[in-house]
Structure formats: C-alpha cells, structure tokens
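Trainee: I have a model open on my screen and would like to learn how to read it. Could you take me through some features, one by one?

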Amino acid sequence: MSASKEALLKRLSDGVVNMEEEDVIEACNEYITAGYPAFDGIMEGLVDGMNRASQLYEEEEYFVTDVLLCSDAMYEGLAVLRPHLPAEEAEKEKIKGVIGVVEGDTHDIGKNLVKIMLETAGFEMFDLGRDVPLQRFVDMAKEVNASFVCMSTLMTTTMSGMGKVIEMLKEAEVREQVKVLIGGGPISKKYADTIGADGYAPNAVEAVKLVKNLLDIA
C-alpha cells in the first residue's frame with residue numbers, strides 16, 4: 001500500500017529542509033512508483049522544501065552551509081523526478097539568466113546560493129563559476145539569449161569589472177535586452193546606480209524578488 005500523495009509531498013519537503021538526501025531519493029522513487037505527477041512532486045515537495053529552507057536562512061536559523069546541503073537534497077530529488085515530467089512541462093521555455101563571480105575573485109558561496117534560489121524560483125541558470133573573464137558574461141548572455149546577468153564579488157579590487165561588463169554589453173548591442181544585477185560584500189545600491197546596473201540585492205532571497213520585479217513577473 002503506497003503512502004498518500006500528501007504524505008509523500010511532506011516527506012519530500014521535510015527531506016530537503018532536513019538535508020536528508022537518501023530519504024529524498026527514496027521518497028521520490030516511492031512517489032513515482034505510486035503514479036503521482038512529477039510536476040507536483042517538484043513544486044509542492046522539493047521546491048516547497050527549498051523555499052522553507054530559504055525562509056530559515058532569512059530568519060538566521062540556517063547558515064549558508066545548511067542551505068547548500070538542503071539544495072543538494074533538492075537536486076538529488078530533481079534528478080529522480082525530472083525524467084518523469086510530461087513532455088510539454090519538460091520543454092516549457094524558461095527565462096534564462098547568466099551568473100558568475102567576476103574575474104579576480106574566487107569567493108562563490110554567495111553566488112551559489114543566489115543560483116539555487118533562482119533555479120528554485122523557476123529560472124534556467126547558466127553558471128559561469130568564479131574568477132570569470134569579463135567577456136564570458138557577454139558571450140554567454142548572447143549565446144543563450146539571457147534575460148538577465150548576475151555578477152558578484154566580495155573584493156573591492158575586482159568591483160570595477162562589473163562596470164566593464166555593462167560597457168561590453170552595450171558595445172555588443174545586447175544591453176537593452178539584458179537586465180544586470182550585482183551583489184556581494186562591498187557592493188551597494190549606490191555603486192549599482194553609479195555603474196548603470198539595473199539593480200543590487202543584499203542577499204539571495206532579495207535577488208529573486210529583484211529579478212522578478214525587473215522582468216515584471218508576478
């Protein structure tokens with residue numbers, strides 16, 4: 001006798017919040033075997049758990065490291081459920097974003113967190129990693145037809161690269177199509193305005209709200 005859909009969704013959500021990868025994988029397999037729709041499992045189970053984790057992070061109950069472990073559990077679950085999405089759901093065009101840490105900086109925990117939160121919110125993210133050559137942001141934005149670019153740095157010495165990327169996007173004639181968001185320790189709203197970025201977010205949760213605002217997504 002298989003567990004009810006509600007019980008399994010709760011297990012998926014709790015498994016993500018409690019960072020229990022094995023249990024998430026097991027629950028996902030049970031969920032699929034029972035014949036429940038993969039889409040609900042992702043949205044009402046895994047993503048729900050990730051949203052709860054980000055809430056705990058906002059309330060300072062969870063640290064960045066906790067949220068990253070929650071996301072590991074979420075991604076393990078996604079790997080099980082995604083292949084079972086109906087074709088139209090799987091092929092649905094997502095809004096694309098490019099994210100990376102600017103050249104000269106290798107601090108990427110904050111960037112990873114923002115990427116996870118944006119993926120949880122339903123965006124398709126192209127992660128360039130850390131210490132990213134400035135031209136890569138422009139090339140990737142053009143290549144995938146991105147709607148936004150997120151750049152971060154924790155160092156004052158590499159901040160100027162952000163303004164250069166904005167200039168390069170103008171030169172490549174794609175600045176109009178791409179919203180530019182920046183963040184990281186030394187960055188401020190004032191700095192974002194100075195270099196002509198579209199916005200600044202102090203943390204991952206705010207970054208998601210900002211992207212949605214800039215792209216007019218309710």
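This is a predicted model: local features need pLDDT of at least 70, side-chain atom pairs count only at pLDDT 80 or more; totals for chains, interfaces and linings use all residues.

Trainee: How many bridges join β3 to β4?

Mentor: Five bridges join these two parallel strands. To see one of them, find C150, whose bridge partner in β4 is L181.

Trainee: What about two helices? At what angle do α1 and α4 pack?

Mentor: In general, two packed helices are described by the angle between their axes and by the distance between those axes. For helix α1 (residues 5-17) and helix α4 (residues 64-81), the angle is about 140° and the axes are 7 Å apart.

Trainee: Which residues meet there, and what classes do they belong to?

Mentor: From α1 come L12, G15, V16 and V17, which meet C70, A73, M74 and L81 of α4. By class, this contact has seven nonpolar residues, one polar and no charged.

Trainee: Next, the pockets. What is the volume of the largest pocket?

Mentor: The general idea is that rolling a probe the size of a water molecule over the atoms shows where empty space is left. In this model the largest pocket has a volume of about 710 Å³. It is lined by 24 residues, and R82, K94, E119, G122 and F123 are the closest to its centre.

Trainee: Which elements give two or more residues to the lining of the largest pocket?

Mentor: They are α3 (38-58), α4, α5 (87-91), α6 (109-120) and β2 (124-127). The largest share, four residues, comes from α3. Sorted by class, the lining of this pocket has 14 nonpolar, two polar and eight charged residues.

Trainee: And what lines the second largest pocket?

Mentor: The second largest pocket, with a volume of about 420 Å³, is lined by 27 residues, and G110, V114, S152, G183 and G184 lie nearest its centre. At least two lining residues come from each of β1 (96-101), α6, β3 (148-152), β4 (179-183) and α10 (204-214). Here the largest share is that of α6, with five residues. The classes in this lining are 16 nonpolar, nine polar and two charged.

Trainee: Now single residues. Is A192 buried or exposed?

Mentor: A192, in helix α9 (residues 189-195), has 1% relative accessibility and counts as buried. Leaving out residues up to four places away in sequence, A192 touches I182, A197, G199 and Y200.

Trainee: Where is H107?

Mentor: H107 is in the loop between β1 and α6. This residue is partly exposed, with a relative accessible area of 40%. Apart from neighbours within four places in sequence, H107 is in contact with V101, L154 and M155.

Trainee: One last topic, the backbone angle phi. What is the phi of D131?

Mentor: Most residues other than glycine have a negative phi. D131 is not a glycine, yet its phi is positive, about 55°. You will find D131 in the loop between β2 and α7, where it is partly exposed with a relative accessible area of 37%.

Trainee: And where does D216 lie?

Mentor: D216 lies in the segment after α10. Its phi is also positive, near 55°, and at 71% relative accessibility D216 counts as exposed.

Definitions and conventions:
Residues are numbered from 1 along each chain as its sequence is written. Side-chain values use heavy atoms; hydrogens and water are left out. Axes are lines fitted to C-alpha atoms, for helices over the stretch in contact, and angles run from 0 to 180 degrees between N-to-C directions. Contact means heavy atoms within 4.5 Å. Ala, Val, Leu, Ile, Met, Phe, Trp, Tyr, Cys and Pro count as nonpolar, Asp, Glu, Lys and Arg as charged, and the others, Gly among them, as polar. On a 1 Å grid over the protein atoms alone, a cavity is a set of points where a 1.4 Å probe fits but cannot get out, and a pocket is an open set with protein on both sides within 12 Å along at least five of seven lines; lining residues have an atom within 4 Å of a point. Grid points are joined across faces, edges and corners, and a volume is the space filled by probe spheres set on the points. Two strands pair if DSSP finds at least two bridges between them. Buried means under 20% relative accessible area, exposed over 50%, partly exposed in between (1.4 Å probe, protein chains only).
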